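Colleague: Put the model up, please, and I'll ask as we go.

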Amino acid sequence: MASPMAPPDELEFWLSTLFNVSGKEIYIIDAHSLRFVQASASALKRLRLSLPLLCEMSPQDVFSRVDDNTLRTVIQAHADQHQACVLIERIKRPFDRDSTELRLYYAKQGNHQALLALGHDQATVHAMHDSEERFQAIVANIPGLVFQCRVGNDNRIQFDYLSQGCKALLGLSPDELYLVPERFVSLILVDDQMDFITSMRHAASEQLSWNWEGRIWIEAWQDIKVINLRASFRRGNAEEVQFAGIMNNITESKREKLEIEQSHARLAELSAHLVKAREEERIHIAREIHDDLGGNLSAIKIGLMSLKNKLSGEQAPVLQQLERLSMVIDQTFESVHRIASDLRPDILELGIVAAIEWQARSFEQQMETTCDFSCNQEHIKVSPEQAITLFRICQEALSNIAKYAQASQVDILLQLRGDEVVLIINDDGIGISPEDQLKQNSFGLRGMMERAAAVNGSCAIGPGVQKGTRVRVTLPLSANDES
């Protein structure tokens, strides 16, 4: 390529290579002839011209609002400098309505003078500008602090970007944290700083997402906030890693969560108190029935027997009436004993294993339905509250099976598993639907769950393994309860 600007072979090789691989539009214009001497492959492709054809053209054939006089004025004005200021023009593209922003640089090296033209696609510039505007609009409406940071091997954090939400969240402006990023860590309460550093180290070393919750102290506002930091790992090297994410103020949600937990705890305490009060009332009523009603019935029967002994054989109808009354009293005795037993099951004095097994045998005899009981321990020691809970839940479950299940087989499993006691009741009946469990009048089902919750346990009711219904009760055992 003949030209006053022809460089040495090696330099020309590197320039040619640079032009061929560059994605930008690059032009070199000889300052003496004001003709093109070189252009990048991207420039030639966009102009749809070959290099020889371009070299025959002047800049004003390609660039709008640029003529020889303008270029010579620029060259003359900067003749004593190595580089001139930038001129912004547009490139004419045949068959192309798009334009490219052009920056012209004056360069001088020895006797060589040239103009270097670098093109920037306007569509790309506009797209980047629009993208930046959208990003800023999104960030401005995010209720939190958007950030980008780097973490070094020394665990120091450097912020590369902080949104304007920084001031509202941390009480510090972005510029304050750019200058002294250590101020962020100083905001974290001392008790939470080690957890912050540990989570940051783990995320950086494993190249994982970074998620941390902790408390910060805002000196200016004399206020403690709970913040949540969530960031994605971007990239890293041997010296540092980069994260991008968002910090949010979760103080209010934490407070609401705590209030809900406290409310649940109070409800659980109330439920436990009601269950205990109900059982105590049952015991009181059972004692009253046994002592008062049972005593009165005994007195009545003794009186009847006394009358019977005083009557002669000639008063047979009266004697028969006394016999019938005596039988009614005996039946009433049995009813009193049964009601008192239901209110205060004496069988629990033999232990929970014996009590549940007794329930299984009673159900089998009354319903003529097979009911198998199994336990992995001969005795399981539980607290009185837990014993009555397991007994009542089993009682309610068997009652529901008798009323609704249409089952032919019931299996009751009582086991000690580690520090828990588990009661499972399975039947092969028609099952229970989720809608039935949610009915407002399902007091029995809710009562089973409330009883378990009152002693810090759980009761799950759902479909059986194959069909029917499965009730699973799990109660935690204290060290003193374990057998």
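Colleague: Which residues does Leu-414 touch, not counting those up to four places away in sequence?

Modeller: Leaving out those neighbours, Leu-414 touches Ile-352, Val-353, Ile-356, Phe-373, Ser-374, Cys-375, Asn-376, Ile-380, Val-421, Val-422 and Leu-423. A touch, or contact, is heavy atoms within 4.5 Å. Before we go on: this is a predicted model, where local features need pLDDT of at least 70 and side-chain atom pairs count only at pLDDT 80 or more, while totals for chains, interfaces and linings use all residues. Residues are numbered from 1 along each chain as its sequence is written, and side-chain values use heavy atoms, with hydrogens and water left out.

Colleague: Which residues of the largest nonpolar core touch the most other members?

Modeller: Leu-414 is one of them, along with Ile-352, Ile-412, Leu-423, Ile-425, Val-471 and Val-473, in a core of 40 residues. A nonpolar core is a set of buried Ala, Val, Leu, Ile, Met, Phe, Trp, Tyr and Cys residues joined through side-chain atoms within 4.5 Å. Buried is under 20% relative accessible area, exposed over 50%, partly exposed in between (1.4 Å probe, protein chains only).

Colleague: And which helices and strands each supply at least two residues of that core?

Modeller: Helices α13 (352-367), α14 (384-405) and α16 (443-454) do, and so do strands β12 (370-375), β13 (409-417), β14 (420-427), β15 (458-463) and β16 (469-476). The largest share, ten residues, comes from α14. Helices (H or I, at least four residues) and strands (E, at least two) are DSSP runs, numbered from the N terminus. There's also a second, separate core of 29 residues, which includes Leu-177, Leu-187, Ala-204 and Trp-210.

Colleague: Back to α13. Which of its residues are buried?

Modeller: Ile-352, Val-353, Ala-355, Ile-356, Gln-359, Ala-360, Ser-362 and Phe-363 are. What covers them includes β12, α14, β13 and β14.

Colleague: How far apart are the end C-alpha atoms of α13?

Modeller: They're 22 Å apart, which agrees with the 22 Å that its 16 residues should span at 1.5 Å a residue. The expected span is 1.5 Å times one less than the number of residues.

Colleague: What comes after α13?

Modeller: Glu-368 follows, with a positive phi near 55°. Thr-369 is in the loop between α13 and β12. Thr-369 counts as buried because its relative accessibility is 11%. Leaving out residues up to four places away in sequence, Thr-369 touches Phe-363, Glu-364, Ala-407, Ser-408, Gln-409 and Val-410.

Colleague: New topic: Ile-157. Buried or exposed?

Modeller: Ile-157 is at 6% relative accessibility, so it counts as buried. Ile-157 is in strand β8 (residues 157-162). Its contacts, again without residues up to four places away, are Cys-149, Arg-150, Val-151, Pro-181, Val-185 and Trp-210. Val-185 is 28 residues apart from Ile-157 along the chain, and their C-alpha atoms are separated by 8.7 Å.

Colleague: Last one, the whole chain. How many helices and strands are there?

Modeller: There are 16 helices and 16 strands. The chain has 483 residues, of which 37% count as buried. Among contacts between residues at least 6 apart in sequence, 52% join residues at least 24 apart.
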